[in-house]
Amino acid sequence: MSPAWISVLCLGGYFLLPGPVNCEGAAPIAITCFTRGLDIRKEKADVLCPGGCLLQDFYVFGNIVYASLSSICGAAIHRGVITSSGGAVRVYGLPGRENYSSVASNGIQSQTLTRWSSSFTVSKSKNEGLEATGRAVSTARPPAGKRQKKTSDKKAGNKDCKADIAFLIDGSFNIGQRRFNLQKNFVGKVALMLGIGTEGPHVGLVQASEHPKIEFFLKNFTSAKDVLFAIKEVGFRGGNSNTGKALKHTAQKFFSADSGVRKGIPKVVVVFIDGWPSDDIEEAGIVAREFGVNVFIVSVAKPIPEELGMVQDVGFVDKAVCRSNGFFSYHIPSWFGTTKYVKPLVQKLCAHEQMICSKTCYNSVNIAFLIDGSSSVGDSNFRLMLEFVSNIAKTFEISDIGAKIAAVQFTYDQRTEFSFTDYTTKENVLAVIRNIRYMSGGTATGDAISFTVRNVFGPMRDGPNKNFLVIVTDGQSYDDVQAPAAAAHKAGITVYSIGVAWAPLDDLKDMASEPKETHTFFTREFSGLEQIATDIVRGICRDFLESQQ
């Protein structure tokens, strides 16, 4: 065995050295700016940090005693052992601990960490006189220089697989300690193949047992290597396999902006079930769909016929997944020999166009309001109409990739107050609704419907969102409403008609979509519009869900 390979075995990584060394050797081992404590497998080692490392690129957790997830060179600079010019450092391995502190020192702000399985500390090496030269080859990030572009691409991840994924693993007595570790190995392989990165998929992990526990969030790690080590650190909890409880908790608590969820990126939960769940999973599946979460079930070791009597619901998989079309369910015979099942699962998770549960009534609709501005309304009642419009609009997730709102005011003439593409934030939409000026004039509702279908919905004809038209009027139209409304229905626009005061019921029904009784509303007073707003939102969501079946 060559001297270079002897050094490899001493340190648990692959290093190319200039000459012979031994495990206690005098020559420090050249490492990169990003080599971490966990890359060093010895209790004591002398290493050589290069010069020119960028301080802002270091990840350091703790102070004096550092979590082994930290960069060795970053910790050495933080501790004051070396400067950014590099130099020799002695590394001492230590046991893991809790509550690594955050301290700013020597241009580096270390971070807090609740717990990690191993630690290290650093001091000046006896080989201080050595210059920071030499060449290191390791599994850590490559040094800056010619390969910088490749490093940047690697950090970005797989841009063709954008998803925010929660792995919900089974930590119950059902699976046991041994199979729990095999499960973690499989999840690690999936995470590695996904291509995790800043612009690719982000992942977190939740453990289901007696009580669910979020092990780490989407925002905690954006590299596959860090995720793999985090998965490795997860301990077995035991207890009943309350998968339904854990899925509901994940759908409601895991996917928040504070936890790192990204706007417009599909939300996915991959649920691993060894055997069968101990509780009801159907309700949790419904909650997940309401929150726009795509649920995948990976079932392992299905119950045998003799065990079916113990299963609360034998159809639990189809009732929990996003859609019971076969795409969202995946079966693995056992936890042994799972490598061949990794790639097919990853392909499913990266199929962005198949994530149909990401679409909800709150983020996938276009709603145009057709507002009566005739003289019979009056200025104060017109303000109540605008308040009604605002109460509906503010319920939806308005954005350039989400729900879109438009408004047209009509008398004999029509005026587009704003179109679907004019404002892409809820704040701006609500502000412009408040500032709509009352026109006053006659009532030509039929012409207004035709105008809106042609000029407001026309440009959105091929868009992905479902189209809705909400008409609010207080009187009889001077023109025909039936033919223009039929044209709107034929164009795929669902119409809600809301009448106030003297609006004739026949006209309202002629304008409304089928079934007429659920799309037609009437109130004697303008103040009654407030109670109707909630019914309109529920109706839009009902229509949207029916259109997705």
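Let's start with a strand pair. S16 and S17 run antiparallel and are joined by four bridges. One of the pairings: Gln409 has Arg415, in S17, as its bridge partner. The two strands form a hairpin, with three residues between them. Keep in mind that this is a predicted model.

Now the whole sheet. S16 and S17 belong to an open sheet of six strands. The order is S17-S16-S15-S18-S19-S20, and the pairing is mixed. What stands at the edges? Strand S17, residues 414-418, and strand S20, residues 520-523. Each has a single partner strand, so one side of each has no neighbour in the sheet. On average, neighbouring strands are turned by 20° against each other, direction ignored.

Next, a parallel pair. Strand S18 covers residues 466-473, and strand S19 covers 493-500. They pair in the parallel sense over seven bridges. Take Val470: its bridge partner in S19 is Tyr496.

Now the helices. Which strands does helix H12 touch? Helix H12, residues 445-457, packs on the sheet and touches S15, S16, S17, S18 and S19. For reference, S15 is 365-372 and S16 is 404-410. The direction of H12 makes about 150° with that of S18.

Then there is helix H16, residues 529-548. H16 also packs on the sheet. Its contacts are S15, S18, S19 and S20. The direction of H16 makes about 165° with that of S19.

To recap: an open, mixed sheet of six strands, with helix H12 packed on it and helix H16 packed on it too. The hairpin is S16 and S17. The parallel pair I showed is S18 and S19. That's it from me.

Notes. Residues numbered from 1 in each chain as written. Predicted model: local features only at pLDDT ≥ 70, side-chain atom pairs only at ≥ 80, totals over all residues. Heavy atoms only, no water. Pairing = 2+ DSSP bridges. Axes fitted to C-alpha atoms, helices over the stretch in contact; angles between N-to-C directions. Contact = heavy atoms within 4.5 Å.
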